[in-house]
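The exercises below are intended for a reader who has the sequence and the model at hand.

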Amino acid sequence: MRQAGRSLPEYRAMRRSESILEAVRNPELACEITLQPVRRYGVDAAILFSDIVVPAAAIGVGIEIVAGRGPVIGEPFRRAKDINRLRPLEPEVDTPYVIETIKMLKGALDVPLIGFAGAPFTVASYLIEGGPSRNFTHTKALMHTDESTWFALVDRLADLAIASLVSQIEAGVDAIQLFDSWAGSLSRRDYAYFVQPATTKVLEAVGGTGCARIHFGVGTGELLDLMADTGTDVIGVDWRTSLAEASTRVGTHRALQGNLDPALVVAGYEPARQESERILREGAKHGGHIFNLGHGVLPETDPDVLTRLVEYIHSWDPRATQ
Ligand code: CP3
């Protein structure tokens, strides 16, 4: 349940004036924020408090995360020479605070810890657009007008993700999630040609460590089989595609993760419970299933609805309802 924390009063109180990137750079604070949703909700895993732009920010790409908006880049990447702004990540030097936070968490948690990185396409989209985007026009223009720059860029971003993920795994995370949040904006053809190879490079490199891999994007129903065919162990599904349909598209060789619509948690306990029951039934039919939301927790979510929902999901018994 990424960004579960932002609906919590204890999170808002701790964050206060600091920017999110400053909070990530403070291991004590990042550790405490990671623990908050686990303590409050009793979920079965923790997700590291960090962000997909942390490695790029750490190697000197000027990035800020603006509240209510997302990552913003002062000078967007548009030309071949911009690629030189991406030097290799040296995790012990560039992101020691991430390693420190993970080590602290391993001592404090009694559930698994999930580390993560942004997939090359989604991080590239922020660098090229300069911020969040609806149509990804600059990103798609670069792909289709300057292929060699595009491939060089996503290759460097793949290396950035690999270096970050390997350092997180060495520090002790139990699973990793690769977020290609905005891949759903691409056609199947563009995804397969321009994006899938770089993502596969990341997931295969990380696979060598034996760490479980989860891959997720929003609105990716039409790409699910391609995204599952990148070396991942688990494929995340957003709420637009039912798990029954995802199971048909992906096949039974990958576990599914998902996929309650976060808006239904805002709608209230009963709508969320009813939909969760359907999801649990479909997930049980598929085989491997990790229940979570189809995307992040919305800020207006009532924490008590989530608490009750976690209790319901834990108490659900597939034998009693089939
Ligand atoms: O639950 C957690 O706190 C997990 C840590 C986490 C954050 N970002 C912290 C965060 C994770 C896993 C992410 C991943 C992330 N960041 C993604 C991929 C996941 C997804 O949502 O698809 C993306 C696309 C980003 C980039 C980003 N960072 C966006 C679009 C935003 C939202 C801006 C807003 O305010 O609506 C952020 C900010 C952000 N990152 C927040 C948190 C808790 C919320 C804002 C804040 O507290 O300042």
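The model is predicted, so local features need pLDDT of at least 70 and side-chain atom pairs count only at pLDDT 80 or more, while totals for chains, interfaces and linings use all residues. Residues are numbered from 1 along each chain as its sequence is written, and side-chain values use heavy atoms, with hydrogens and water left out.

**Exercise 1. Aromatic pairs**

Task: Determine how the rings of Phe 121 and Trp 150 are arranged, and then those of Phe 151 and Tyr 193.

Solution. Step 1: apply the rule that rings of Phe, Tyr and Trp (its six-membered ring) pair if their centres lie within 6.5 Å; planes under 30 degrees apart count as stacked, over 60 as edge-to-face and the rest as tilted.

Step 1: Phe 121 belongs to helix H7 (residues 120-129) and Trp 150 to helix H9 (residues 147-171), so the pair ties together parts 29 residues apart in sequence. Helices (H or I, at least four residues) and strands (E, at least two) are DSSP runs, numbered from the N terminus. Both Phe 121 and Trp 150 are buried; buried means under 20% relative accessible area, exposed over 50%, and partly exposed in between (1.4 Å probe, protein chains only).

Step 2: for Phe 151 and Tyr 193, a centre separation of 5.6 Å and planes at 85° make the pair edge-to-face. This pair links Phe 151 in helix H9 with Tyr 193 in helix H10 (residues 188-207), 42 residues apart. Phe 151 is partly exposed at 28% relative accessibility, and Tyr 193 is partly exposed at 41%.

**Exercise 2. Charges over rings**

Task: Over which rings do the charged ends of Arg 273 and Arg 308 sit?

Solution. Step 1: a charge sits over a ring if NZ of Lys or CZ of Arg is within 6 Å of the ring centre and within 35 degrees of the ring normal. Step 2: Arg 273 has its charged end over the ring of Tyr 312, 5.3 Å from the centre. Step 3: for Arg 308, the ring is that of Tyr 269, with 3.9 Å to the centre.

**Exercise 3. Helix H12**

Task: Which residues of H12 are buried, and against which elements do they pack?

Solution. Step 1: the buried residues of H12 are Leu 243, Ala 246, Ser 247 and Val 250. Step 2: they span an arc of only 105° around the axis, which places them on the same side of H12; the arc is that of the directions from the helix axis to the C-beta atoms. Step 3: these buried residues pack against helix H11 (224-228), S7, S8, H14 and S9, where contact means heavy atoms within 4.5 Å. Step 4: Gly 251, which follows H12, has a positive phi near 85°.
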